[in-house]
Amino acid sequence: MFDILLLIQQIINGLLLGCLYGLMGLGLALIFGVMREVNFAHGDIIILGTYILSTLYIWLNIPITFLIPIYLFMFFILGLIINKCLLEYPRLKGSGGDTSLIITYALSIILESAMLSIWGAYPFSSRFRMEGALSFFGISIGLQRVVSSVIAIFGMIILFLFLKFSMTGKAIRAVSQNAQLAWTLGINAHRIYKITFGTGVVLAAIAGGLLAPIYAVTPYQGAYYLTKSFAVVIIGGMGNLIGTILAALLLGTLESLSVFIIKGGFRDVVGLLLMIIILLFKHEGLLGKEVRV
Amino acid sequence: MAFSNIRNTVLFIITIIVIFILPIFYRNDYLLRIFGIMAIYSIIAISWDILYGFAGQLSFGHAALMGVGAYTSALLNLNFGFSVWLCIIMGGLLSALIGLVFAFPSLRLRGPYFVISTIAISETLRLIANNWIEVTNGPYGLYKFSPLLNDPLQSYLLCLCVMIICILFAYYIIKSRIGLAFQSIREDEVLASACGINTTFFKVLAFFISAFLAGLGGALYAHYVVIVTPTIMGSSISCLIMAMVLVGGKGTIIGPVIGAITLYSLIESLRFLGVVYNLVITSIIIILIILFFPGGIAELFKTIKSISHLKSITFSNLKIKKIIFTYHGDD
């Protein structure tokens, strides 16, 4: 039984999911592109965002429009704290790349355990869900998915404008191309590192906040979203932001379509397999330029 | 090497022997069980140390290899009724084959790329264990297979024997030319291959040996606690293994054993806090150790000693030269 409408609906769902994956991947890609450090706590920050946004919404009981700036500011500060306490010391000491990998990995375990002890292991979904669906030509798409994806696309556009036109954005791009040369031009690379890490964490938090109304999350899902973000970043090419977004759309579509062929539980294997294949045969990513690893 | 000093090494070995002999005289089933698991974790920690501490290949998916060994052994025993000994060996061998899958990306990738590939492979293995319900019984796990031995004391002594054999095996490997080749790859892979070391072969060999030991430990663990669930392939166990090696001191053979004893007894004594806080403590220990004492307990003793004797610490450049010199001097 093969239904063309179902196929189209799955493709649209996949693209909408892909927008969220893109936002997740961008945070990781930005941090890697500028600092050559991989943030293994990315997935847990996404989940933390989901929990914090819903909890703040219940506690403070203020409109979501006022809540969002507070929320984003909180996560920016969290990013600065992580950068200051954990990553700056090894970076200044010049110890190898393994150090930051192990530290962020340990941090991800800490965050996971903290969430587990605060919110428990039960699936948690947010209170502010938009009910209803958009229907056209016999296809119906959940309204909440559409709204989340639109916000995600909006967030990506703002990020690109920031990187392209603002002074800080230009400095970030300069540091990512050559940090030493940027120093000689009077750019304080350590300040740029701070801002970049904060921005990466904020992007993860936005993705988490948008995910909250669509999927129920548990604290154990950090690794799940981390591997998703990684898959996206690697398929698109590490540090390549456009490639990341295209890869996210591709992955979302493939995952949605894979349910026609294999069991639902194995859906997550698609991204991992694609990632392993890309890593082995074209490790600079589908769009990436040749990178020295 | 951190244990160039004979007196320190002997001191550590005597401490370990005393710690492992204690429960035999105390005759408490609970303590025997704990110390048995400690011995098994020592094997697995040594296997990760061969990979990271000696060959320099950072893998975050080591628990998956342990899990492959455990599942293979349990399934063979459950479905085909093989004897426990054969099952444990088969578990080690299959895990070694999966280790080759882990090794394949390491030939092309370096740094974060390689680490991500290890996570991807281990997550895939965990998802298979979780979702292939007909064979692995999904999240409920396997539990109806035969235990190692029926007497707790005998089981403990068996684990201890396997641990000692593994330590001697690892020591033999590291002291041979293979170990020197591993260390030269860790220090500088390009230089090592320029010096005529077949880096591809030795990297694959490092994964093979490490995965074999991990699978052996996992299979032993499965028959010792008589339950296998997908949890043992998860990141928390990988984290624990890493913490053991980093606390004890990476790049040593005794270090992981000391780390396993220290960390497992710490976690076991803090069990009243709940599993969640144990993980937090493990992770905080990892961060503190890697930030302030990258050499672990072994290095700590050495530093104290070198301060008291006003000796300078060896430079890594000197170390590379020595390793390459020794490697070619052997030829």
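## The hairpin of chain A

In chain A, strand E1 (residues 133-136) and strand E2 (residues 139-142) pair in the antiparallel sense, and four bridges join them. The model is a predicted one, and the features described below should be read with that in mind. The two strands E1(A) and E2(A) form a hairpin with two residues between them, and in that turn A:Phe137 has a positive phi of about 50°. Across the pair, A:Ser135 stands opposite A:Ser140 in E2(A), while A:Leu134 stands opposite A:Ile141 in E2(A).

## Chain A as a whole

How many helices and strands does chain A contain? There are 11 helices and two strands in chain A, and, read from the N terminus on, its elements follow the order α-α-α-α-β-β-α-α-α-α-α-α-α. The radius of gyration of chain A is 19 Å, close to the 19 Å that the globule rule gives for 293 residues, so chain A is as compact as a globular protein of that length.

Along its principal axes, the C-alpha trace of chain A spans about 65 × 50 × 35 Å. Of the 293 residues in this chain, 46% count as buried. When contacts in chain A between residues at least 6 apart in sequence are considered, 78% of them join residues at least 24 apart.

## Two domains in chain A

The domain assignment of chain A gives domain 1, made of 30-126 + 139-217, and domain 2, made of 220-293. The C-alpha centres of domain 1 of chain A and domain 2 of chain A lie 19 Å apart, and the contact between these domains takes 13 residues from domain 1 and 11 residues from domain 2.

Which elements give two or more residues to the side of domain 1 of chain A that touches domain 2 of chain A? They are helix H1 (4-35), helix H2 (42-60) and H4 of chain A, and H2(A) gives the most to this side, with five residues. Sorted by class, the side of domain 1 of chain A that touches domain 2 of chain A has seven nonpolar, four polar and two charged residues.

## Where chain A meets chain B

The contact between the two chains takes 32 residues from chain A and 32 residues from chain B. On the side of chain A that touches chain B, helix H3 (64-93), helix H4 (97-119), helix H9 (222-236) and helix H11 (267-281) of chain A each supply at least two residues. The largest share of that side, 13 residues, comes from H4(A). By class, the residues on the side of chain A that touches chain B divide into 23 nonpolar, seven polar and two charged.

## Chain B and its helix H10

Chain B has 15 helices and zero strands, and buried residues make up 51% of its 331 residues. Among contacts in chain B between residues at least 6 apart in sequence, 79% join residues at least 24 apart.

One of the helices of chain B is H10, which covers residues 199-225. At 1.5 Å a residue, the 27 residues of H10(B) should span 39 Å, and the end C-alpha atoms of this helix are 38 Å apart, which agrees with the expectation. Is H10(B) mostly covered or mostly exposed? This helix is mostly covered, since 20 of its 27 residues are buried. Just after H10(B), B:Val226 takes a positive phi of about 50°.

## A glycine in a loop of chain B

Where in chain B is B:Gly234 found? B:Gly234 is in the loop between H10 and helix H11 (235-248) of chain B. Why does B:Gly234 count as buried? B:Gly234 has 20 C-beta neighbours inside 10 Å, and it therefore counts as buried, because the cut-off for a buried residue is 20 or more other C-beta atoms within 10 Å of its own.

Leaving aside the neighbours within four places in sequence, B:Gly234 is in contact with B:Ala63 and B:Arg126. As for B:Glu134, this residue and B:Gly234 are 100 residues apart in sequence and 21 Å apart in space, taken from C-alpha to C-alpha.

Conventions: Residues numbered from 1 in each chain as written. Chains lettered and ligands numbered in written order. Predicted model: local features only at pLDDT ≥ 70, side-chain atom pairs only at ≥ 80, totals over all residues. Contact = placed C-beta atoms within 7 Å. Nonpolar A, V, L, I, M, F, W, Y, C, P; charged D, E, K, R; others polar. Domains from an automatic or database assignment. Rg over C-alpha atoms; globule rule 2.2 N^0.38 Å. Buried ≥ 20, exposed ≤ 12 C-beta atoms within 10 Å, placed from the backbone. Expected span 1.5 Å × (residues − 1). Pairing = 2+ DSSP bridges.
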